Each structure stands twice: as C-alpha cells, then as structure tokens.
Amino acid sequence: MSKVIVKKEQCKQCGYCVKHCPKQAISFSADFNSSGFKYAVVDDSKCIACGMCYTTCPDGVFEIRKPD
Amino acid sequence: MAVVKKVPEKIARQVPFCPGCGHGIVVRLIMECVEELGYNDNVIFGKPVGCASLLDNSLDIDIFTGAHGRNGASLTAIKRLKPDTLVISYQGDGDAYNIGFAETMNAAYRNEKFTVVTINNTNFGMTGGQMAWTTMPGQKTTTSVNGRDVELSGLPIKMPEMIATSFDTAYVARGALFTPAEINKTKGYIKKALQAQSDGIGHSMVEVLSPCPTNWHMSPLEAQERIIKELVPYYPLGELKNKGGK
C-alpha cells in the first residue's frame, strides 16, 4: 500500500507539492483529470511520507499514511 | 497503515478556489487548529464578501456572512451572545481593511474576544484584481494600470502593526505561505490566536500573506517567489504582540 494517497480529481496542478517535495518524488501525470488538470503522481520508491505535500497543498489532495 | 495527516473532517468538500490560491491552505490550517483545540462542534465561522464567499459549500460548520466589511461588528454581537463559542472572522484585505476599516478597528479597540484572520493578497481578488490599500508600490492592477503611484495613493497599509501598537489586544501576528516551514509557523500563529480567544484574554488577529496567481498574472510558483522578494521586506513576518505568553 502506498504511503501517500492522491485524490487526483481534486488536483489543480499548482505545482507547490512538486517544488517543495524534499525527495523530488512528485511529478505531474501525462493524462488529465476530469477538470482538465495534469495531476500529482507520487513515486513510492522515493517517498518518505514526510507530509510536505500535504502541508503545501491548497486543495487537500494528499493523505499521508505510515506503516503500523 | 495508520493515517497520520488528513484534511480535517469539517472540510467536507473541496475548496473552490483558483489553482495555487492561498485560501485553501489557510482554511485548512484554521480547521486543523479548531479540531486540535476541541471546538469542532462549537465554532462559528464569519465569512466575508470576496473570494472566501465561495466557502459556503465546503465547510460543515456554522457559517455567518456579514455585510461587506462589517464582520467586525456582526461577530461582536455573536461573540457577546455566545461567549463559549469559538468565533472566527475570516476576511480578505479588501473586506477587513478597505471596506471594513471602521468595524475592524473598533472591534480591536473594544478588545472583543474573537479572532480575525485576514488574507493579504495585495488586491481585490474576486472583482478582478483592483488596487487595494495593501497593493505594493509599482504593482499593476486593473485600477492602477501603470503601477501603484504612492504620491497619489499613499503607501500600503500595515493594519496588524496599527492594531498591535494602538490597542490593548491579546495577540497579533503575520504569517506567509511560501514554504512548508512558513505554513507551519502560520499555523502556530493561528493556533495561538484561537487559544487567546479560548482563554478569554482578548482580541486576536493574524494576517497571512497569500499568493493570488490569477490576479498577479503569474504561475503559482512565481507568486510564492513574489511574496519572498517583494512582500516580506515590506510586511515583516512574526509575532507583533503576545499577551497570553503561551
């Protein structure tokens, strides 16, 4: 299971998460969501679940989970 | 897998603002603080006239919309009648400063025990980016097409400084939204402001320097850069007053 859940329909492609991710684990998708934005995609192999994307996101796209 | 960070449950639906708008971040910070202070079911959110008017459908809490700029007066009544309820006035710079100067100042002057959170994006956002009191010198807006001329319209207003130095209020601070660290600091300011209200110390105010990519005609990332380079040197960040000491 991934550490970060991305609600892709809420993403508005502002790019804050891409810029502020300390591990450069976030990029934009090749396709579009239903609002016409390219949405954030998290590379699970790089993600450390620090929550920076959650902090900077104005639209509540991210939900951070950590293993029990 | 345990959920460690999740949008507060009272933000039931997505906020409807432009891509990169700071409103979404500040509303989330406020609702996180409300949740952490245990006021989820005992909060009244004073909504302004402006972009934040669009919050109606997003928040599952009691919302009051004042006449343009008059939340300072309306929420005084609400807080006096319901002293145990957390009352938050969420206003833009145009609503709280230009239009509602008298109400905002009088509420602070009387030290009314509610919290004001103002979003300073240096223009009137909803109506298309007109010049406001907070517009920076030289900034082009739809009503200052050659850039704001300070000879003609004066220098941008620093409302938190005025309130902090003039009146006996509890807490005044200014935050910004350009990095995760600053966003977390801003959350700290908002939490202290709400705590000051909860403890009954007095009026509290937090101004937040927020990006407005649409009306600044910039990308969201360029808007964050503009806050660092242009706004922060004029509008210093940090706590201006803290009577509670917590």
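**Figure 1. Helices α1 and α7 of chain B form a right-handed crossing in this predicted model.** Helix α1 covers residues 23-36 of chain B, and helix α7 covers residues 180-198 of chain B. Two packed helices are described by the angle between their axes and the distance between the axes. Here the axes come within 9 Å and cross at roughly 45°.

**Figure 2. Residues at the contact of α1(B) with α7(B).** From α1(B), the contact takes in Ile25(B), Leu29(B), Ile30(B), Glu32(B) and Cys33(B). From α7(B) come Ile183(B), Thr186(B), Lys187(B), Ile190(B), Lys191(B) and Leu194(B). Sorted by class, seven residues of this contact are nonpolar, one is polar and three are charged.

**Figure 3. The open sheet of chain B has seven strands.** Their order across the sheet is β3-β2-β4-β5-β7-β6-β8, with mixed pairing. Strands β3 (62-65) and β8 (238-242) of chain B stand at the edges. Each of these two has a single partner strand, so one side of each is left without a neighbour in the sheet. On average, neighbouring strands of the sheet are turned by 15° against each other, direction ignored.

**Figure 4. Strands β4 and β5 of chain B pair in the parallel sense.** Strand β4 spans residues 86-92 of chain B, and strand β5 spans residues 115-120 of chain B. Five bridges link the two strands. In one pair, Tyr90(B) has Val117(B) of β5(B) as its bridge partner.

**Figure 5. The side of chain A that touches chain B.** In this contact, 23 residues of chain A meet 24 residues of chain B. The elements of chain A that give two or more residues to this side are α1 (16-20), α2 (52-56) and β4 (62-66). By class, the side of chain A that touches chain B has eight nonpolar, eight polar and seven charged residues.

**Figure 6. A strand of chain A pairs with a strand of chain B.** Strand β4(A) and strand β1 (residues 2-5) of chain B run antiparallel and are joined by three bridges. Ile64(A) stands opposite Lys5(B), which belongs to β1(B). As for confidence, the model scores ipTM 0.95 and pTM 0.96. Chain B averages a pLDDT of 94, and 99% of the residues score at least 70.

Methods. Residues are numbered from 1 along each chain as its sequence is written. Chains are lettered from A and ligands numbered from 1 in the order in which they are written. This is a predicted model: local features need pLDDT of at least 70, side-chain atom pairs count only at pLDDT 80 or more; totals for chains, interfaces and linings use all residues. Two strands pair if DSSP finds at least two bridges between them. Helices (H or I, at least four residues) and strands (E, at least two) are DSSP runs, numbered from the N terminus. Axes are lines fitted to C-alpha atoms, for helices over the stretch in contact, and angles run from 0 to 180 degrees between N-to-C directions. A crossing is left-handed if the near helix is turned anticlockwise from the far one by less than a right angle, and right-handed if clockwise. Two residues are in contact if their C-beta atoms, placed from the backbone, lie within 7 Å. Ala, Val, Leu, Ile, Met, Phe, Trp, Tyr, Cys and Pro count as nonpolar, Asp, Glu, Lys and Arg as charged, and the others, Gly among them, as polar. pLDDT is the predictor's confidence in each residue, from 0 to 100.
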